[in-house]
Amino acid sequence: MKKVFLFVFPAAAVMLAVFYTYPPSINSPAPSSDEKALIDEPAFFSEVIKGEKKASAEEETFMERVAFQYKTPEIEIPWSEIDGDSFAIVGIGDSLTLGTGSEHPDGYLNSVKTFYQQQNDKVVLVNHSVYGAQAGHLLRMLEQPNLQSDIENADVLFMTVGGNDLISVFNHNFNDLSIGDFTKGEESFKADLRKIMSTIRILNEDVPVYFIGIFNPVFESLADVKEFDQIITSWNASTKNLLEMYPNTTFISIQHLFEEETNKYLAEDFFHPNEEGYRRIGKEIISRTEELLMVQRNPL
């Protein structure tokens, strides 16, 4: 556990890079009353995490793995020329959209691309996701002309962000962790997410945006530490409520996909999905996408 404590100091440097001045032209909508309804928090996060109960080997391994898995992302966006005749799928965000843990690059976006190829003759997939990205990093990426151009030309946009923001709360408060720390982190994340969505809508007001939520990789292995699932449920719910303020934007929950036989769908790091896990995510996304396409083709 002493190693985890030492991690807090370099992690603080990472967070300093996140807070910078954002474009003043972006006007973020005020939070709705629904967003303010956070989880009914207990006084403390967990007896195990507070040190009042000895952690099992599995619990201790998980805590140290979470604390050490984060690293500063590379945010330089490469140029990709999207053909005007093609149907452009653009992915942005963190390792979940990057496909970390999958046998093939792009993770769930492979299933998404296959689905859209059934609808269109020419489909191109551009994935600008990076490992370790937090909401603040994504905002910095959105300042780059290469990413701005691809979003302007996107026919559909898929994104994941938030998991690393949650882990950052864990890292920075590991030795004295409470639910209140996650509540503060959640509010900070939502402030950044508003700026992200405002930026996307300035660049492309019509592109359908599909935001994939986060899941609990320790739902079964740390079933006794129920606060993990409460926090993730709250984080997803408030994210969904925020995104409902933006037109043509859909939140897709995947939390339920990892609540049974969790380890069966995780990669060797027991944190990211494996190939089958990403297939399940892709299937869930396609199911929601088909529903929306049906409504668009046959409006009431």
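Partly exposed here means a relative accessible area between the buried cut-off, under 20%, and the exposed one, over 50%. All the views below come from a predicted model.

View 1. Most residues other than glycine have a negative phi.

**View 2. The open sheet, strand by strand**. Five strands line up in the order β2-β1-β3-β4-β5, with parallel pairing. At the edges stand β2 (123-127) and β5; each has a single partner strand, so one side of each has no neighbour in the sheet. From one strand to the next, the twist averages 20 degrees.

**View 3. Strand β3 and its pairing partners**. On one side of the pairing, β1 (residues 87-93) runs parallel to β3 and is joined to it by five bridges. For a landmark, pick G91, whose bridge partner in β3 is F158. Strand β4 (residues 209-212) also runs parallel to β3, this time with three bridges. F158 turns up again here: its bridge partner in β4 is Y210. How many of the residues of strand β3 are buried? Five of the five in 156-160 are, so the strand is largely enclosed by the rest of the structure. Both faces are covered, with V156, F158 and T160 buried on one side and L157 and M159 buried on the other.

**View 4. From β4 to β5, with helix α10 lying across**. Four bridges hold the parallel pairing of β4 and β5. One of the spots to check is V209, whose bridge partner in β5 is T249. Helix α10 (residues 227-243) lies across both of these strands and runs at about 165 degrees to β5.

**View 5. Helix α5 against the sheet strands**. This helix lies across β1, β2, β3 and β4, and its direction makes an angle of about 165 degrees with β3. Which residues of α5 (residues 108-117) are buried? They are Y108, L109, S111, V112, F115 and Y116. Around the axis they cover an arc of only 155 degrees, which puts them on the same side of α5. The spacing is worth a look: an α-helix has 3.6 residues a turn, so residues three or four places apart point the same way.

**View 6. Helices α8 and α9 in contact**. Two packed helices are described by the angle between their axes and the distance between the axes. For α8 (residues 163-172) and α9 (residues 179-203), the axes come within 10 Å and cross at roughly 145 degrees. The crossing of α8 and α9 is right-handed. On the α8 side, the contact is made by D165, L166, V169 and F170, and on the α9 side by D181, F182, G185 and F189. By type, the residues of this contact divide into five nonpolar, one polar and two charged.

Key:
Residues are numbered from 1 along each chain as its sequence is written. This is a predicted model: local features need pLDDT of at least 70, side-chain atom pairs count only at pLDDT 80 or more; totals for chains, interfaces and linings use all residues. Side-chain values use heavy atoms; hydrogens and water are left out. Buried means under 20% relative accessible area, exposed over 50%, partly exposed in between (1.4 Å probe, protein chains only). Helices (H or I, at least four residues) and strands (E, at least two) are DSSP runs, numbered from the N terminus. The arc is that of the directions from the helix axis to the C-beta atoms. Two strands pair if DSSP finds at least two bridges between them. Axes are lines fitted to C-alpha atoms, for helices over the stretch in contact, and angles run from 0 to 180 degrees between N-to-C directions. A crossing is left-handed if the near helix is turned anticlockwise from the far one by less than a right angle, and right-handed if clockwise. Contact means heavy atoms within 4.5 Å. Ala, Val, Leu, Ile, Met, Phe, Trp, Tyr, Cys and Pro count as nonpolar, Asp, Glu, Lys and Arg as charged, and the others, Gly among them, as polar.
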